[in-house]
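Here are my notes for you, one topic per point. Keep the model open while you read and look up each residue as you go.

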Amino acid sequence: MRRRHFLTLSANTLGGFLVYSLDRKASLLSAQHKPIRVPLRFFTEAEALIVAAAASRILPSDESGPGAREAGVAIFIDRQLAGPYGRDRFRYTQPPFEDAPRELGYQGSATPRQIYRDGLKGLQGFHFLAPAAQDEALRKIESTMFFSLLRQNTIEGMFCDPLHGGNAGMVGWQLIGFPGPRMSNFDEIEKYYGKAFRPKPVSLRQATGSKVRPSEDEP
Amino acid sequence: MKTLPAVDAVIVGGGWAGLLMAKELAQRTSLNIVVLERGPSRRASDYSTDMDELDYAIRFRMMQDLSKETVTLRHDAARRALPLRQHGAFLPGSGVGGSGEHWNAQVPRFLPDCFELLTKTSEKYGANALPESHAVRDWGITYNELEPYYTRVDKLLGTSGQAGNIRGKLLDGGNIFEGWRSEAYPTPPTKMPYFSVLFRDAAKSLGYHPYPAPSANISQTYTNPDGISRGGCTYCGFCARFGCMVGAKAQPTNLLLPVIEKRSNVTLRAGAWVRRILFDAVSKPAAARGVSYVASSGDEIFQPASLVFLASWTFNNTRFLLLSGIGEPYDPATGRGTVGSNLTHQVTVGAATAFFDRPLNRFMGSGSAGVLFSDFDRDDLDRSGLNFMRGGYFGARGYGFQPIGAFGVLPNSIKATWGSEWKKAAISCYDRTATIGFAGEHLAYKTNFMDLDPVYKDALGDPLLRLTLDWRDNERKMAAFATPIAVQVARAMGAREINPFPGLHSYDATHYNSTHIQGGTIMGDSPAHSVVSPYLQHWQLPNLFILGGSTFPQNASANPTPTVLAFVYRAADAIVDRYLKHPGPLA
């Protein structure tokens, strides 16, 4: 049994206005002034802090709006890696593993979990660095499989339905004007030619009124 | 192995082809029918909560489980093939309904001359017009013979569209370059996303002939001849890779399953992993005896049947024949053998990605709502000045874009791929970007084929299917021809920046192309070059029928599902009207 690890988040770092699904219990963070401790499923606390810091350089919180930090991307990635995706449940993993031309896709035997664990070893202390030094450290690993996964998973965690633990409070969707799963655009599709139609986002749970089991909770 | 009581018909695969055959036989005969589907059972009502981009569109929840079985690929026969370890260029579905659940429901017909491609091309351009290594064949049937079945397909699906050619009469606003159709579409065109309207107006201003894309994601309530009613599309934008939440998109689970479930003579077994077709080579004529499969319980089962239908999509239709030792495997060195030949994929490229200064509201749309033009996809195309054969159509569809997949598509002028500058540009471009697509024909070549992989195995220990596949000059030149046309249209649409398609190089399994891989068990007018007749009947085993794109000798520009279904209707008619009375060869 692994020692329990937590990622400590304050309402402030999460934007302070979010409804956040925590341990399948919705908590209104704006009502909490105390920092909350999110139990980690895969990362150690140090790993989660590095991932949070690195994701936040990929999608920074800056003048163009909230970034990976407010969306809770590190929590999203932790859950993904703990679930079937992290252990390559759906990938063909029979040997032999051989090098291939790029067009044949990733041929390695390492699972996302292993890629993260190995990649994070090279980023020890990353979360203590200044942003410019963090960018420099990431530039050095830009061409690695680890960075490419981290970048992809950061985008996923920024823009996924909140049921997966990312896109907290739908900050990602608000940033780009995506309204989430709307049941119908029948009346609007031909009405807004050339004009932005930006309805308030709804999550899948809000739109359907049902609880959906995300793939990361499947065996 | 446990042997079950014999049935009249066993159908391998519960997707569009298999379930349409099951429906036709169940409605019109008293045959005792078993459908074996490898994936899970599914119902139309399962889709009430599936609008989750991550699990469906990114993690591929509805697709084949590659941990159990994939294919291997090499670009040419001199190289070693390696397994495609994750989904990429194509997305075969799994479970009841197959790929017909997660499709986009784009339903154009093939051009009339596609079916007689070798003859028509040779007549018109000479015997040497096709590339030297081509393996192009006639199908053994004409468009005119198939047209009534296409019309039945449109009525089954309730296709929305605007006809351009009714019995030879050309109609403005429809596709005047398509083959004749006997009737107008059952329902009017869909509503149009803004991007498609910009494309339509630009194409028209350049002298092209845009028309509303034919769509089985229907525009309004429709009741089909089986009495199945569906409501119209709500343009929620969750089509490709999803089942339809409101049932407007034609799917096997909403059109075929409800009919089948009312008949007592059909049993659908999900979780049944078929491994072999058993056959008797000594009887005259030789005959399939049934199929063996592993049930979800793990038991090995033999299901004897008087009629065997393979409807398990291109790859496994071909693989089952190879694994079962039915027919002669194709050998590219000698040209002998037929099983596995004529592997083709559609030439689908994002010909021009355009960046606008206006919002497009791209979350609204459907997988098939859009505008196309086919001025370069016609059997009377003026080829002077063209350095390739055949052609394709251009399109601007409003698929309904979701953020994980669409965020970060940027003009070539922006080099950053992460960080503040990238984020700012990606936010700004997010809803101002769209791609004009081109879908072209892929000719068959002697060098593109399928056989069994000598190294890699599936979860049960059976060899994987090996694809030997690459693009050749004809496809590269076609894509190079299409790109500036799309760029010109994008410019006329008012794009402020345009990324032209960078060019077709080696076949790339890492980017989605289409799920329109065809060939392997092709039809034709003689057993010398084909596996089945145009009735989809196996030449050597007359009680074996093979349904689906595996029977297409070469790829058209058009999406294949209506053509797959038209051939199933035709085969079902021949079986019900003739074969059951006098079992034996139909052709």
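1. Domain 1 of chain B covers 1–45 + 91–152 + 264–343 + 449–462 + 517–587, and domain 2 covers 159–249 + 347–440 + 471–506. These bounds come from an automatic or database domain assignment. Taken over C-alpha atoms, the centres of domain 1 and domain 2 of chain B lie 30 Å from each other.

2. Before going on, some housekeeping. This is a predicted model, in which local features need pLDDT of at least 70 and side-chain atom pairs count only at pLDDT 80 or more, while totals for chains, interfaces and linings use all residues. Residues are numbered from 1 along each chain as its sequence is written, and chains are lettered from A and ligands numbered from 1 in the order in which they are written.

3. Now look at where the domains of chain B touch. Domain 1 of chain B puts 21 residues into the contact with domain 2 of chain B, which supplies 32 residues; two residues are in contact if their C-beta atoms, placed from the backbone, lie within 7 Å. On the domain 1 side, helix H3 (99–102) and helix H5 (143–157) of chain B are the elements that give two or more residues. H5(B) gives the most, with four residues. Helices here are DSSP runs (H or I, at least four residues), as are strands (E, at least two), and both are numbered from the N terminus.

4. What classes of residue make up that domain 1 side of chain B? There are eleven nonpolar, six polar and four charged residues on the side that touches domain 2 of chain B. Ala, Val, Leu, Ile, Met, Phe, Trp, Tyr, Cys and Pro count as nonpolar, Asp, Glu, Lys and Arg as charged, and the others, Gly among them, as polar.

5. Next, the largest nonpolar core, which has 235 residues. Such a core is a set of buried Ala, Val, Leu, Ile, Met, Phe, Trp, Tyr and Cys residues joined through C-beta atoms within 7 Å. A residue is buried if 20 or more other C-beta atoms lie within 10 Å of its own, exposed if 12 or fewer, and partly exposed in between, with C-beta atoms placed from the backbone. Ile11(B), Met21(B), Phe309(B), Ala486(B) and Val568(B) have the most contacts inside this core. Helix H13 (residues 561–579) of chain B gives the most to the core, with ten residues. At least three residues come from each of domain 1 and domain 2 of chain B.

6. Click on Met21(B). Not counting residues up to four places away in sequence, Met21(B) touches Ile11(B), Phe309(B), Ala311(B), Leu547(B), Val568(B) and Ala572(B).

7. Is Leu541(B) buried or exposed? Leu541(B) counts as buried, because 23 C-beta neighbours lie inside 10 Å. Leu541(B) sits in the loop between strand S21 (497–500) and strand S22 (544–546) of chain B. Apart from neighbours within four places in sequence, the contacts of Leu541(B) are Phe279(B), Ala286(B), Ala287(B), Ala288(B) and Ile326(B).

8. Compare that with Arg378(B), in the loop between strand S16 (370–373) and strand S17 (392–397) of chain B. Arg378(B) is partly exposed, because 19 other C-beta atoms are within 10 Å. Leaving aside neighbours within four places in sequence, Arg378(B) is in contact with Leu111(B) and Phe177(B). Arg390(B) is twelve residues from Arg378(B) along the chain, and their C-alpha atoms are 8.3 Å apart.

9. Over to chain A, whose secondary structure comes to eight helices and four strands. From the N terminus on, the order is β-β-β-β-α-α-α-α-α-α-α-α. Chain A has 219 residues, and 43% of them count as buried.

10. Finally, find helix H1 (residues 45–58) and helix H6 (residues 145–159) of chain A, whose axes come within 10 Å and cross at roughly 80°. Axes are lines fitted to C-alpha atoms, for helices over the stretch in contact, and angles run from 0 to 180 degrees between N-to-C directions. Ala54(A), Ala55(A) and Ile58(A) of H1(A) meet Leu150(A), Arg151(A) and Thr154(A) of H6(A).
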